[in-house]
Each structure stands twice: as C-alpha cells, then as structure tokens.
Amino acid sequence: PIITVLLGTGMRIGECIGLRWDDLDFEKRIISVNHTFIYRPDENRKSVKHISTPKTISGRRTIPMIDEVFNAFLDEIQKCIGFSSEEIDGYSNFVFVTATGTVYLPNAVNRAIERARVAYNKDEIEIAEKEDREPLIIPHFSAHHLRHTFCTRLCENESNLKVIQSIMGHSDITTTMDVY
C-alpha cells in the first residue's frame, strides 16, 4: 500500500511515512499533509527519528485521494489498525508501520522497491530469453522517482499550474514549471 500511496499522491517519502490516521478524511477523500518524518544523524552521529513541519508553508497542503489510494488505505486499516505503538515527538497513530508497530524508515521502503525491481528484471530476462526477444528492463528508481512520475501524469491530465503546484507542495511555481 505505501507504494500505491506514494505513486498516487506525489507525496515525499517522509510525508507519506509520517502519515497518521488523523491526517486522513475518508468522507471527503483527502489527505492532510502537515508534518514530515525525518531520520537523520544527531550531533552524536546516531540516527534519530523526528517529526518536523514542512520546509515551506506550501508544504502544508491537502491532497485528494484517488480510488487506488483510498483502497490502499482501506487495505492498511484491515492489516494494522490500532497496531502502531510508536510515538515520535508527540505524534502517534501512524498509518504505515512494521510488524513490530514502528514507523518504516525511508531506506527500508527504497530497499523494498529495489528488491521488487531486481526480481522483476531477473524474471523478465528469463522470459525474454525463452521468447527470443530483448528484455524490458526497469532501471534503478527510488520513492522520489514515484513523486516525479505522479507529477508527470498529473501534468498530462491537469492544465492548471496552480493546482499542480498546490498538490505537489511547491513553494515556487517555477519549480513546477521548470521540472515538469
């Protein structure tokens, strides 16, 4: 479900990992982005989990839930509601948690993406060889590439740059225009 949410919302990995059930409005089908999860070394070089506010005011935003994202959240509810036991900087009730109830780390999500990519490519090479054709290999990508993919697809279906800027959380319209 986390990959579906990343690909279907354009959220940054820390925004997605930091989501709490309180940030989701299933009736209105919206996601409130008002904080982000960070995992960085402290002054003692020990990595520590924190919750931070978005870098800019534009980072605080509301994102619509498309059907696939709505269903991914419903799948997650069935798996682990009430199972998140971790509290970070006063925040709790996280959506995406491990089997032990702790928040996923960004590198764990990216490793899962990489494992899926490698497995697909391995199978694709074998199938292509049997079919006597060139394999369709997926290049390396990360959770942040899913954000770019979302925005590219959004631009194909939405012509209002201010709407795109708002959903993506860009503080400057030139970021939206120059990158996408």
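Start by selecting D23, which lies in the loop between helix 2 and strand 1. Keep in mind that this is a predicted model.

**Stop 1: D23**

Is D23 buried or exposed? Its relative accessible area is 3%, so D23 counts as buried. Show its side chain. It reaches the backbone nitrogen of R20 at 2.8 Å. The side chains of D23 and N34 are joined by a polar contact of 3.4 Å. To see the surroundings, select G18, I30, I31, S32, N34 and H35. D23 touches these residues, when those up to four places away in sequence are not counted.

**Stop 2**

Look for an open sheet of three strands, in the order 1-2-5, with antiparallel pairing. Which strands stand at the edges? They are strand 1 and strand 5 (61–64). Each has a single partner strand, so one side of each is left without a neighbour in the sheet.

Go along the strand pairs. Strand 1 and strand 2 run antiparallel and are joined by two bridges. Select L24; it stands opposite I31 in strand 2. Next, go to strand 2 and strand 5. This pair also runs antiparallel, and four bridges join the two strands. Here I31 stands opposite I63 in strand 5.

Stay on strand 5 and show its side chains. In a regular strand, side chains alternate between the two faces of the sheet. On strand 5, R61 and I63 make up the covered face. T62 and P64 make up the uncovered one.

**Stop 3: the aromatic rings**

Select the aromatic residues. The structure holds three aromatic pairs.

Ring pairs link F26, F70, F73 and F96 into a cluster. Then show R29. It lies over the face of F70, at 3.7 Å from the ring centre.

**Stop 4**

Keep F73 on screen and show its contacts. Beyond its neighbours within four places in sequence, F73 is in contact with V5, L19, W21, L24, F26, I31, M65, V95 and F96.

Now widen the view to the largest nonpolar core, which has 35 residues. Which of them touch the most other members? They are V5, M11, L19, L24, I31, F73 and F96. Colour the elements that give two or more residues to this core: helix 1 (2–9), helix 2 (13–17), strand 2, helix 3, helix 4 (106–130), helix 5 (143–157) and helix 6 (161–168). The largest share, five residues, comes from helix 5.

**Stop 5: helix 1**

Go to helix 1 and colour by burial. Its buried residues are I2, V5, L6, G8 and T9.

**Stop 6**

Select T36, found in strand 3 (residues 36–41). T36 has a relative accessible area of 17%, so it counts as buried. What does its side chain reach? It reaches the backbone oxygen of G14 at 3.5 Å. It also reaches the backbone nitrogen of E15 at 3.3 Å. Show G14, E15, H50, I51, S52 and T53 together. T36 is in contact with them, leaving aside its neighbours within four places in sequence.

Finish on P41, also placed in strand 3. Is P41 buried or exposed? At 56% relative accessibility, it counts as exposed. Leaving aside neighbours within four places in sequence, P41 is in contact with K46 and S47. The C-alpha atoms of P41 and E134 are separated by 44 Å, and the two residues are 93 apart along the chain.

Definitions and conventions:
Residues numbered from 1 in each chain as written. Predicted model: local features only at pLDDT ≥ 70, side-chain atom pairs only at ≥ 80, totals over all residues. Heavy atoms only, no water. Phe/Tyr/Trp six-rings, centres within 6.5 Å; stacked < 30°, edge-to-face > 60°. Lys NZ or Arg CZ within 6 Å of the ring centre and 35° of its normal. Core = buried A, V, L, I, M, F, W, Y, C linked by side-chain atoms within 4.5 Å. Buried < 20%, exposed > 50% of the residue type's maximum accessible area, 1.4 Å probe, protein only. Contact = heavy atoms within 4.5 Å. Polar contact = N/O pair within 3.5 Å; in protein donor to acceptor, adjacent residues only side chain to side chain. Pairing = 2+ DSSP bridges.
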